[in-house]
Amino acid sequence: MQLVAVDYTAENAQEEFVKSLRETGFGVLKNHPIQQSLVQGIYDSWQGFFDSEEKNDYLYNKGKQDGFFPQSVSEVAKGFTKKDIKEYFHYYPWGQCPDELRPLLSQYYSEANTLASELLGWIEKHSPEEVSDKYSQPLGDMIKDSDQTLLRVLHYPPLSGEEEVDAIRAAAHEDINLITILPASNEPGLQVKAQDGSWLDVPCDFGSLIVNIGDMLQEASGHYFPSTTHRVVNPDGADMTKSRISLPLFLHPRPDVELSERHTAGTYLQERLKELGVI
């Protein structure tokens, strides 16, 4: 089994994309509308930010969760004890951001939100009736005007060989939100856990867009769409000396949106953030 990129412009794109999400929790799109030059510009400019001391002027706010998270406070995945080998910046339109880096991020945030809304429409359209009946409102409407949708600029630094035993760039985890969209990184490493327990490499062809189901959509669909476990493994050989930049956009509903009889988006998010130890 492998993940195959779906051509966004193809006549059967919607069906094939949603089929992949149903079977694996992941879908890969090529020929999508987000320009590769925009993504590359962000990779290049943010590499400079992470290489500088300026990043420490933008330390995160614990309450708002915006700003720079150094490796010392990096996440520990649920069920793990070692911190991930990464640092990152949380961008919200209302949050802190260096002035010179804001325009490209703002443009990407807007374009990726527009595309995500379209993809949520695909998912709803091709959900069986007994599944779509569970949605408290159209999936695209759940993220409309949400100030919770998070753009994370991730930096996986070069590896020295002195890292903690068993520590990897991102330990196996699931995402909390509805869906995540992610331009293929500038370096390989992302893997998805298949139903048989094996790990599949996610295509990292420059220009591809990777989409995965999060826990909130799994909850809202009555587990029809699986929130699939994924990880970022450490490179070996020459690739150890390379940084890896990644740009996931986590699409979050407004906090009042009902996901199920048990949870609103707000209660679900708070429960999970407490589990992760970040609040």
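**Notes on the predicted model: charges and rings**

1. Asp 256 counts as exposed, at 56% relative accessibility. The cut-off here is over 50%, so 56% puts Asp 256 on the exposed side. Bear in mind as you read on that this is a predicted model. The side chain of Asp 256 also has a partner: Asp 256 and Arg 254 meet in a salt bridge, with 3.8 Å from N to O. A salt bridge needs a nitrogen within 4 Å of a carboxyl oxygen, so the pair of Asp 256 and Arg 254, at 3.8 Å, counts.

2. How many salt bridges are there by this rule? The count comes to 5. One of them joins Asp 215 to Arg 272, and the closest N and O atoms there are 2.0 Å apart. I'd look at that distance in the viewer.

3. Lys 55 and Glu 87 make another salt bridge, with their closest N and O atoms 3.2 Å apart. Lys 55 sits in the loop between α2 and β3, while Glu 87 is in strand β4 (residues 87–91), so the pair links distant parts of the chain, 32 residues apart. Both Lys 55 and Glu 87 are buried.

4. On to the rings. The structure holds 16 aromatic pairs. Among them is Tyr 8 with Trp 122, a stacked pair at 5.7 Å centre to centre and 25° between the planes. The limit for stacking is under 30 degrees, so 25° makes it stacked. Tyr 8 lies in the loop between β1 (5–7) and α1 (13–24) and Trp 122 in helix α3 (residues 102–125), so the pair ties together parts that are 114 residues apart in sequence. Trp 122 is buried, with a relative accessible area of 6%.

5. Phe 50 and Phe 68 give a tilted pair: their ring centres are 6.3 Å apart and their planes are at 50°. Phe 50 comes from helix α2 (residues 36–51) and Phe 68 from strand β3 (residues 67–69), so parts that are 18 residues apart in sequence are tied together. Both Phe 50 and Phe 68 are buried. Ring pairs also link them into a cluster with Trp 46, Phe 49, Tyr 58 and Phe 89.

6. Arg 152 lies over the face of Tyr 88, at 4.2 Å from the ring centre. The charged end of Arg 231 sits over the ring of Trp 199, 3.9 Å from its centre.

7. Finally, the chain as a whole. It has 7 helices and 13 strands, and buried residues make up 51% of its 279 residues. Of the contacts between residues at least 6 apart in sequence, 74% join residues at least 24 apart. The chain exposes about 12,600 Å², and carbon and sulfur atoms supply 47% of that.

Notes: Residues are numbered from 1 along each chain as its sequence is written. This is a predicted model: local features need pLDDT of at least 70, side-chain atom pairs count only at pLDDT 80 or more; totals for chains, interfaces and linings use all residues. Side-chain values use heavy atoms; hydrogens and water are left out. Rings of Phe, Tyr and Trp (its six-membered ring) pair if their centres lie within 6.5 Å; planes under 30 degrees apart count as stacked, over 60 as edge-to-face and the rest as tilted. Helices (H or I, at least four residues) and strands (E, at least two) are DSSP runs, numbered from the N terminus. Buried means under 20% relative accessible area, exposed over 50%, partly exposed in between (1.4 Å probe, protein chains only). A charge sits over a ring if NZ of Lys or CZ of Arg is within 6 Å of the ring centre and within 35 degrees of the ring normal. Contact means heavy atoms within 4.5 Å. Accessible areas come from the Shrake-Rupley method with a 1.4 Å probe; for residues, only the protein chains shown count as cover.
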